[in-house]
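Colleague: I would like to learn how to read a helix and a pocket. Could we take them one at a time?

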Amino acid sequence: MNTKVSTLLLSLFSIGAFAQISSESNNNNAESTISYLDSIKNSFVNHSMSSCIEERMTKELVNLDLFEEMESDISNIYRDEDVSFDELPTELLKSRLKLLDQKSPFKIEYNESLERVIKSFLKNRKKSYARLMGLADYYFPMFEEHLAKYDVPLEVKYLAIVESALNPAARSRVGATGLWQFMYPTGKQYGLEVNSFVDERSDPLKSSEAAAKYLSDLYAIFGDWDLVLASYNAGPGNVSKAIRRSSGYTNYWNIRKNLPKETQGYLPAFFATMYIFEYGKEHGIVANNSPAVLAQTDTIAVKKRMTFDQISSLLDISSHEIEFLNPTYKLKEIPYVSGKNHFVRLPINKVGLFASNEDKIYAYIDHENDKVEKPIFTLESNSALVTNDTKPTYHTVRNGESLGVVANKYGITVAQIKKWNNMNSNAIHPGKKLKVGAIVANIANTKSAKSEKTYTVRSGDSLYSISKKHPGISIGQLKKINNLKEGQNIHPGMKLRIDG
């Protein structure tokens with residue numbers, strides 16, 4: 001065979017072989033990365049797959065276009081511009097509004113201004129209302145429960161559409177947030193917590209409870225539900241001023257011109273929304289599918305801090321669905337605070353799966369936490385505690401290891417390794433000895449040599465929690481002195497050396 005051809009074939013074979021080895025190595029790394037998760041999930045009790053909410057539906061949560069449309073419409077309604085819409089004759093509208101008025105504590109009376117708003121919504125927003133009707137199937141049952149509790153008319157559920165277009169993530173230009181658009185002070189006044197992790201103004205249940213209380217308090221002031229809604233938007237002070245400026249009239253339509261411009265379009269938008277929900281079918285509006293049904297979801301308290309992505313991986317549920325069902329959590333993670341419960345809402349069968357396998361779920365969370373870089377308190381940072389000797393810890397570099405691999409193994413940083421070993425670059429070679437820490441041999445006020453100490457693993461322990469109980473020894477050191485292999489689990493009753 002021609003020498004050049006032979007050389008070329010050998011080169012191609014070598015490249016192919018290297019690619020295969022590299023691919024196998026990557027596959028092995030991937031398998032080792034997910035093996036613990038898979039082993040946890042394979043051991044779950046009653047692990048069954050469910051039909052999850054479709055991703056395109058749950059994206060309604062972060063889709064703010066409906067909210068922006070509603071804000072724009074309300075700001076322009078007060079202009080009272082003529083709208084051409086022959087599909088709804090004036091006499092038919094009058095008769096339907098009269099029927100709505102008979103069934104409602106609101107003063108729903110025909111006037112040309114309201115007719116223009118209704119026709120404008122029907123002409124320009126049919127698709128928007130089809131989407132809103134789909135979302136309403138999920139949110140309205142929880143609204144009605146809280147409104148009924150405080151004797152607030154159930155029709156007030158339509159107010160959340162005008163306020164937020166049923167988007168718990170909605171935030172106005174002045175900072176009002178959530179389905180019911182609470183400002184920060186009013187939210188705090190009605191018991192809604194806001195901190196770095198949580199904004200309960202976005203919690204559908206808690207914000208609905210607060211809104212019902214607030215509306216009930218406003219009714220105690222005005223005794224008129226039309227004025228209650230106006231004051232919910234403009235504030236009771238502005239409504240009182242409008243009444244005085246209107247020579248004492250108290251009908252909304254009589255004081256409308258003296259209200260803020262946004263509030264001039266507020267009640268008409270509310271009545272128009274009520275009309276479209278009641279007579280949508282007559283106008284060919286068909287509700288989109290609901291992204292969820294409240295009765296098919298439930299909550300469970302979490303006992304460790306966990307992220308939406310971790311829950312998604314463990315329970316085979318999309319992060320979009322978790323986000324839709326749990327809009328309260330600003331950072332897409334559920335905090336854990338001693339003495340305070342935080343809940344995650346999930347489809348019912350996923351709640352059952354979670355409850356049946358809590359120990360395994362929290363073991364996985366601990367496993368994930370163990371991989372997070374922790375601060376290492378070295379001789380330099382703890383020199384005040386050391387009276388004399390320290391015992392350096394060394395690692396002999398193996399074939400294929402990098403500084404990053406070594407750092408992860410001992411729970412330290414690459415920068416620390418380079419500093420302790422006076423290194424100017426990241427280059428290392430097999431056989432090189434690296435200082436990877438210092439274990440304190442003698443502590444202040446202790447002159448005797450340290451005897452071997454052990455720790456008996458208890459239920460719920462992890463390497464991370466054990467290292468926290470015993471300052472001076474890292475997760476990496478625990479693994480090394482106890483000959484724990486990567487991915488090897490600890491179990492109750494197991495004895496671990498903790499003396500280094």
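Modeller: Keep in mind that this is a predicted model. Begin at Asn 111, which caps the N-terminal end of H5. A side-chain oxygen of Asn 111 lies 3.1 Å from the backbone nitrogen of Ser 113.

Colleague: Which residues of H5 are buried?

Modeller: First the general idea. An α-helix has 3.6 residues a turn, so residues three or four places apart point the same way. In H5, the buried residues are Ser 113, Leu 114, Glu 115, Arg 116, Val 117, Ile 118, Lys 119, Phe 121 and Leu 122.

Colleague: How many helices and strands does the protein chain have, and what percentage of its residues is buried?

Modeller: There are 22 helices and eight strands in the protein chain. Of its 500 residues, 47% are buried.

Colleague: Now the pocket. How much space lies in the second largest pocket?

Modeller: Rolling a probe the size of a water molecule over the atoms shows where empty space is left. Here the second largest pocket holds about 560 Å³ of space. Its lining has 25 residues, and those nearest its centre are Glu 163, Ala 176, Gln 181, Asn 233 and Glu 262.

Colleague: Which element gives the largest share of that lining?

Modeller: H10 does, with four residues.

Definitions and conventions:
Residues numbered from 1 in each chain as written. Predicted model: local features only at pLDDT ≥ 70, side-chain atom pairs only at ≥ 80, totals over all residues. Heavy atoms only, no water. Buried < 20%, exposed > 50% of the residue type's maximum accessible area, 1.4 Å probe, protein only. Helix = DSSP H or I, 4+ residues; strand = E, 2+ residues; numbered from the N terminus. Polar contact = N/O pair within 3.5 Å; in protein donor to acceptor, adjacent residues only side chain to side chain. 1 Å grid on protein atoms, 1.4 Å probe; cavity = no way out; pocket = protein on both sides within 12 Å on 5 of 7 lines; lining within 4 Å. Points joined across faces, edges and corners; volume = space filled by probe spheres on them.
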